[in-house]
Amino acid sequence: MIKKTLASVLLGLSLMSVLNAKECVSPITRSVKYHQQSAEIRALQLQSYKMAKMALDNNLKLVKDKKPAVILDLDETVLNTFDYAGYLIKNCIKYTPETWDKFEKEGSLTLVPGALDFLEYANSKGVKIFYISNRTQKNKAFTLKTLKSFKLPQVSEESVLLKEKGKPKAVRRELVAKDYAIVLQVGDTLHDFDAIFAKDAKNSQEQRAKVLQNAQKFGTEWIILPNSLYGTWEDEPIKAWQNKK
């Protein structure tokens, strides 16, 4: 009886400890640590933007009639939002539109390494810069304020194109293409580049096939940055080594 009581007390204390810690065993814990703490991701980000500079120089030579433009996504491309993911883990909750809405207004952000240097370089070359993001239109004033606080070039109502009903990223890119020659796109998910990746986005096998079909564009027209925090691949099953004993 005493042993059972002691076991119950210990179990209760263990559960209280977990609850008080307010930190869950989350599938994104390693991803958040990788984004927040690893030196490797900073190297990859710097490498990506170095490639972006080289690609920009090459592509500018091909521009004829229209003024050149570059398009960049925002979150995990220009801005680090990993603190939001950390908040979810620490509070044992999942993403909700309400918490993200508040983060858009008040969240702690940093610049992705290499982003500002690349943007200043593009600006110095006379290239028009557009920021196309699925951040919410209703919080545009907050997003503009954030971008300006980091002293990013060419931030304006016209250059920052956010999510609107009936205007997916493909439509917003088409609006840019009417007046400009899009010489380079920088993003962290495939649908940042082309509408083909928005179709059947959760079919990872198809997505991988589309990447191979468009392999020549990566590193030349499209520059992709690492993002293991979220994506259309999240619900895919995990493959495991079959250890035969």
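Is E76 buried or exposed? I began my notes with that residue. E76 is buried, at 1% relative accessibility; buried means under 20% relative accessible area, exposed over 50%, and partly exposed in between, with a 1.4 Å probe and protein chains only.

**Ground rules.** I am working with a predicted model, where local features need pLDDT of at least 70, side-chain atom pairs count only at pLDDT 80 or more, and totals for chains, interfaces and linings use all residues. Residues are numbered from 1 along each chain as its sequence is written, and side-chain values use heavy atoms, with hydrogens and water left out.

**Backbone.** Most residues other than glycine have a negative phi. I looked up two residues with positive values. E76 has phi near 70°. I placed E76 in the loop between β1 and β2 (79–80). Helices (H or I, at least four residues) and strands (E, at least two) are DSSP runs, numbered from the N terminus. Q154 has phi near 55°. I found Q154 in the loop between α7 (140–149) and β5 (160–163). Q154 is partly exposed, at 24% relative accessible area.

**Helix pair.** I then checked α2 (residues 29–37) against α4 (residues 82–90). Their packing angle is about 145°, and the axes lie 10 Å apart. Axes are lines fitted to C-alpha atoms, for helices over the stretch in contact, and angles run from 0 to 180 degrees between N-to-C directions. From α2 come T29, V32, H35 and Q36; from α4 come F82, D83, A85, G86 and I89. Contact means heavy atoms within 4.5 Å. I count four nonpolar, four polar and one charged residue in this contact. Ala, Val, Leu, Ile, Met, Phe, Trp, Tyr, Cys and Pro are nonpolar, Asp, Glu, Lys and Arg charged, and the others, Gly among them, polar.

**Cavity.** I found one cavity of 30 Å³ or more. The largest cavity has a volume of about 40 Å³. On a 1 Å grid over the protein atoms alone, a cavity is a set of points where a 1.4 Å probe fits but cannot get out; a pocket is an open set with protein on both sides within 12 Å along at least five of seven lines; lining residues have an atom within 4 Å of a point. Residues lining the largest cavity include I71, D73, K169 and D192. I traced at least two lining residues to each of β1 (67–72), α8 (169–179) and β6 (180–187).

**Pocket.** The second largest pocket holds about 340 Å³. Among its 18 lining residues, T189, L190, Q207, T232 and W233 lie nearest the centre. Helix α9 (residues 204–213) gives the largest share of this lining, four residues.

Note on methods
Grid points are joined across faces, edges and corners, and a volume is the space filled by probe spheres set on the points.
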